[in-house]
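Let's walk through a protein model together, one feature at a time. Have the picture open while we talk.
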Protein chains: 4
Amino acid sequence: MRADVQRFSLKDPSDVSGLREAIDKGVIDPANIVAIIGKTHGNGLVNDYTRGYLTLCLSQLIGARMGVAAETVRKRVPFVFSGGVEGVLSAHYVVFTVDRDTQPAGDGKSLAVGVALTAELSPPDIGRKRQIDATAEGVRQAMANAGIQNPDDVHFVQVKGPAFTLEDIVAAGTSTCATDNPGKLMGFGRAASALGVAKALGEIPANQATENAVLRNFQAYSSVASVSAGVEVRVNEIIVVGLSPAWSGPLTIAHRRMQDALDIGSVTALARDLGLSPEPQVPAAQARRIRAAFVKCEAQRDGTIRGRPHTMLNDGDIDQQRHIRGAVGAIVAAVLNDTALFVSGGAEHQGPDGGGLIAIIAEQA
Amino acid sequence: MRADVQRFSLKDPSDVSGLREAIDKGVIDPANIVAIIGKTHGNGLVNDYTRGYLTLCLSQLIGARMGVAAETVRKRVPFVFSGGVEGVLSAHYVVFTVDRDTQPAGDGKSLAVGVALTAELSPPDIGRKRQIDATAEGVRQAMANAGIQNPDDVHFVQVKGPAFTLEDIVAAGTSTCATDNPGKLMGFGRAASALGVAKALGEIPANQATENAVLRNFQAYSSVASVSAGVEVRVNEIIVVGLSPAWSGPLTIAHRRMQDALDIGSVTALARDLGLSPEPQVPAAQARRIRAAFVKCEAQRDGTIRGRPHTMLNDGDIDQQRHIRGAVGAIVAAVLNDTALFVSGGAEHQGPDGGGLIAIIAEQA
Amino acid sequence: MRADVQRFSLKDPSDVSGLREAIDKGVIDPANIVAIIGKTHGNGLVNDYTRGYLTLCLSQLIGARMGVAAETVRKRVPFVFSGGVEGVLSAHYVVFTVDRDTQPAGDGKSLAVGVALTAELSPPDIGRKRQIDATAEGVRQAMANAGIQNPDDVHFVQVKGPAFTLEDIVAAGTSTCATDNPGKLMGFGRAASALGVAKALGEIPANQATENAVLRNFQAYSSVASVSAGVEVRVNEIIVVGLSPAWSGPLTIAHRRMQDALDIGSVTALARDLGLSPEPQVPAAQARRIRAAFVKCEAQRDGTIRGRPHTMLNDGDIDQQRHIRGAVGAIVAAVLNDTALFVSGGAEHQGPDGGGLIAIIAEQA
Amino acid sequence: MRADVQRFSLKDPSDVSGLREAIDKGVIDPANIVAIIGKTHGNGLVNDYTRGYLTLCLSQLIGARMGVAAETVRKRVPFVFSGGVEGVLSAHYVVFTVDRDTQPAGDGKSLAVGVALTAELSPPDIGRKRQIDATAEGVRQAMANAGIQNPDDVHFVQVKGPAFTLEDIVAAGTSTCATDNPGKLMGFGRAASALGVAKALGEIPANQATENAVLRNFQAYSSVASVSAGVEVRVNEIIVVGLSPAWSGPLTIAHRRMQDALDIGSVTALARDLGLSPEPQVPAAQARRIRAAFVKCEAQRDGTIRGRPHTMLNDGDIDQQRHIRGAVGAIVAAVLNDTALFVSGGAEHQGPDGGGLIAIIAEQA
């Protein structure tokens, strides 16, 4: 098997011209698409409809080219979009394809991708044991699909889970849900899903991956989980990306934890892990080897960064997630010389408290 | 003469506890204060009242300690506050003091500071020849006050000019003003003032420092000008900071242009100019030598950064200045290991188009 | 001919369940749909993609039910969506259908609808003579299509014209456009289109419907024009709604100017024109007769309302259009006992300066 | 005793020119000022510093004119400012004075005012029994100070309680507080204070004024309580306004509940209670009799208004309080022909769930 990863610019949330051209030129076989991850133009919060808009347009394109219904595509392929391209960031989407007919060359590990979907989750499931366990089980399935045995070979697990509007929450019964605040429920969902990933990969003991730990024990975290939530899905979609000797091809992946929002050292270290030269910025010629980068980050909960106060959690005008994405996204963009980054806020249990993580897919040096 | 520069954290816009303590302990003689520059908690746009609030509180403190009216202090000392501490940035203010009794040690140049104020400017003056010329004349006066003869020894010129609300503009007659849009008039003012600085320092030929060039010829710019605007002043306040053999003390200053928002290389180069080690981040122990850093930046006017689109100029929810401050501020903070940075948007004619500039005051290595 | 107007709630911008059900139950023949007007969930500014999202979903639904491509539907049917349901407002869309086989009963005038599209407009056309004249010609065509001879029988003219992102403007050449500010160019387009309507209906002398009057002579205005702009169209789409003896059916329409944002008297007067009892609020049973209401409004340009200052034009956090829609929308909603109102900001030359207009389609008493 | 109420326009949060002129002309004796209530220009959320700014400026003015320290004034006089003048609203402040030497004329009741302050409240007290009981006790004291025996004669109770930033909450220990979300803690504080008022006035049985009812039992509410929170106070400041035969003067007060955001009928009914003619708008000549109006409102918790969905609780760009203030403020302004209204969001237990209340002070007819 051989995985490929291609990134396309997004002029507006309905702009699928990049993938269309790639399909029409024969560069991408739509039947090989296993997942699409991207950043869209919205605010990344509950009332962000750009994620659903792009999902619709891409699934219709793929369906049309394959001669199947868009719904069929959406049931098979996870579309994971995070809204919010603050500051220097640039809207884009990354298409993962798998060619099952290619044999491994036998000379080491290559990029491997596996996908799984959980059953439907309803508002009362969010942030609860059911979401933790369903996610853990999904990660194990996706690893199996990717032919990855060793959890250490997993470098990135993207989960996209459901978000619910107030109307949904009211319909489900507010008292049955972890919270009646739509934005906060998104946080519960990200947290429980991340703990599910950590549990599946053995990053934390199983007895820490509990409902009690959700949004409480921030020392329990995954270093490879990246979780988003959106109103356009009703299941947890899980994409496991790692390395496997059963796969061939020129691509690789690596990841690092980020200790806090200023941890530029982890970004440069990761770049060097991949044979890039970030001194202080990856040269443009090298930067072309980067196929995709995924970052999770969050505003430090105690209101400070390295001892100085920040204002992100007190701001009534700009949401904390928009602040932190713009900040951490800019740091990573400056090092990688690349602004088409998947930077997502809300890093509950995804990397160290107040920090997050970064994973990069690149052509091998 | 000897200049000192001290930076204080700002818990809220009325928090003058840092300076109060420094005065009360004898660390700062209020009579020696010549300028205060800082970042406050507001949005940095027309309806940001945190700048005026801090100005009032600081001028009252200084007035009380000196036994003079706060108004008297405000007429003598420029208070230059820029609102907006997006992302990782931290609100603070920097107090410049000058001790006129200290003799230079004779072994090189030290930090030198000079201040001047223009006459009052009314809405129709903004963005016009009168503002350009008044600023240029003010820069020459401030250089003289600082004992700086060579324009190459000027590393930072902070100008704070007036902003006007719609009510002011209507009262002045909208047709007499460069624009009737309060936010846009702030841009005209920053532009004309920057051209005035460039003219005074010989950075551009005098025939380029014209009304016609304002917001049109962006190749005409100053590499040391940093201009803000706020409703709380009615004159252009000008602070020239540079190096002079007539001054003594352990502080120095250096500056660099930033070519665009991702120009991390200029930040690290400047850090090295000052003997710091930004590989990739100035270590905490070294970072303590930094006394203040000033950054100007802007969203690139053509809607792209290094060929990829950004959304800052199309965003109806978050102003472009808030976006770009958060992004460039984070890059500089990550390199300097310091979040109490003066990062100001609206860099019209302040550094290259789409870029900006950075100046750092630090203890000599 | 017989016009019908049906209104459907919009849960999210892809929610076309209301129209789908109406078609599937035979209540609406999709071939009879001539226009759809609605309010979506976005911010109503340049980066509002909810308008295009709903346009896509509705045109696909109609196309699927008619067996034609969605593009074909979009070329024939104007989809006019304004983003922004601030405050009490509720997202919805109004479907206009025309049954050409019904003969008039001969006992008076009934609701009449006509549609026309201009040629494509490019960024340099916006706010210019070409847009004024093309709109005027389009209004005449749409009146002819509606069988309305007398301009006094025209009660509402909805125009949806193109908006352009910064990227479009740069591609067209910024110096060739009325402004390089995307949001401001939307205003130019609304203004020129409104003057085109006023010219066609004889509301102003032809010599006032000039490029010079655009955003300058606010005494030149139309009392029935409602103009929106969005990135998802490239022509001016024109919908004329009025009364004609050539049409039958139970629906009627009336309109009133609003002198300023507090002109509740015009709202109650219009309600009484239609036989409703707004003392102070139309009773729920009566309110069911309302099929649609269209409101244009704007923040008064001099920064005051009835002598007291407002803050809408100085606010860097919330756009003036979002403020005024929320305010005027609430006043109209409180009188009509109905929150599913089309309330649109940016009323340049649409009603008196600082005011706007309101039109209501209702079942005859 | 005789109470007077005067309202002054606020150009910016430091604009105390109105009161200064009134004092300097002898219209207001600063020693008679017992409370000031107003609306300032900020967002009305945690990071709104305009409230503190105006408090500082007014207290310094009063202190200077009385020859006492501003701190002394602030300890004696409640300054209750709510940020946010969305839509048509206009920033202003209302000065309550009491002349203790005037004897009642004996011919009925006149406006009566009484003030009380609780002890300091810390973050763990907010939303808890301690805040409920301290507020109830304060209301009883303020009634006594106002010479009001009958709770039915109390028409408006303004409470201003403390808000805390994240830093404060962290310092107090997040686990000891009702919530670690600064904005949400403001809601807890408003809720507990409102229940305290309801308890003191006998509007609800004492056994409903419990910690358990806070933000849970919304059928327990006060019809006269208006509660704000801000970082600039540390106690609950309580102002009771009502009618008493022990007072003289031409002013009166009345109030009404508002059932929901569209309840314009209660506004017109209240206007008629005061002898005004709101058909549909109080004429300008009559409107001059209005001295102050106070409104509380909130976005309906179930996401609908009269059966149609609203978006206020799902909006990541504009806070729900800004939405609802703009909407309900506009309705009241349109009826009263007056935009200088104190409209405050966050009506937890202040009026019916989803609704609120309105009180008007006016010259007797």
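Q: Where is B:Pro280 in chain B?
A: Look at the loop between helix H7 (264-273) and helix H8 (284-287) of chain B, and you'll find B:Pro280 there. Helices here are DSSP runs of H or I with at least four residues, strands are runs of E with at least two, and both are numbered from the N terminus. Before we go on, some ground rules: this is a predicted model, where local features need pLDDT of at least 70, side-chain atom pairs count only at pLDDT 80 or more, and totals for chains, interfaces and linings use all residues. Residues are numbered from 1 along each chain as its sequence is written, chains are lettered from A and ligands numbered from 1 in the order in which they are written, and side-chain values use heavy atoms, with hydrogens and water left out.

Q: Which kind of peptide bond joins B:Glu279 and B:Pro280, cis or trans?
A: That one is cis, with omega at about -10 degrees. Now hop over to chain C: the bond from C:Glu279 to C:Pro280 is cis too, with omega near -10 degrees. C:Pro280 sits in the loop between H7 and helix H8 (284-287) of chain C.

Q: What is the phi of B:Leu215?
A: Its phi is positive, about 60 degrees, although B:Leu215 is not a glycine. You'll spot B:Leu215 in the loop between helix H6 (182-200) and strand E7 (225-230) of chain B.

Q: How do I read two helices packed together, say H7 and H9 of chain C?
A: Two packed helices are described by the angle between their axes and the distance between the axes. In chain C, the axes of helix H7 (residues 264-273) and helix H9 (residues 320-336) come within 10 Å and cross at roughly 35 degrees. The axes are lines fitted to C-alpha atoms, for helices over the stretch in contact, and angles run from 0 to 180 degrees between N-to-C directions.

Q: Which residues of H7(C) and H9(C) meet?
A: From H7(C) come C:Ile264, C:Val267, C:Thr268 and C:Ala271, and they meet C:Ile331, C:Val332, C:Val335 and C:Leu336 of H9(C) (contact means heavy atoms within 4.5 Å). Sorted by class, that contact has seven nonpolar residues, one polar and no charged. For the classes, Ala, Val, Leu, Ile, Met, Phe, Trp, Tyr, Cys and Pro count as nonpolar, Asp, Glu, Lys and Arg as charged, and the others, Gly among them, as polar.

Q: How much area do chain A and chain B bury between them?
A: The size of an interface is often given as the accessible area lost when the parts come together. Chain A and chain B bury about 3000 Å², with 62% of it on carbon and sulfur atoms. That buried area is the accessible area (1.4 Å probe) that the two parts lose on being put together, summed over both. On the chain A side, A:Leu262, A:Ile264 and A:Arg308 supply 18% of the buried area, more than any other three residues. As for contacts, 39 residues of chain A touch 39 residues of chain B.

Q: How many salt bridges are there between chain A and chain B?
A: A salt bridge is a side-chain nitrogen of Lys or Arg within 4 Å of a carboxyl oxygen of Asp or Glu. The count between chain A and chain B is two. A:Asp338 forms a salt bridge with B:Arg308, with the closest N and O atoms 3.0 Å apart.

Q: And what about chain A and chain D, how many residues are in contact there?
A: Here 17 residues of chain A are in contact with 17 residues of chain D. The two chains bury about 1500 Å² between them, 47% of it on carbon and sulfur atoms. In chain A, A:Leu166, A:Asn314 and A:Asp317 lose the most area to chain D, together 35% of what that side buries. Two salt bridges turn up across this interface as well. A:Arg322 pairs with D:Asp317 in a salt bridge, their closest N and O atoms being 3.9 Å apart.
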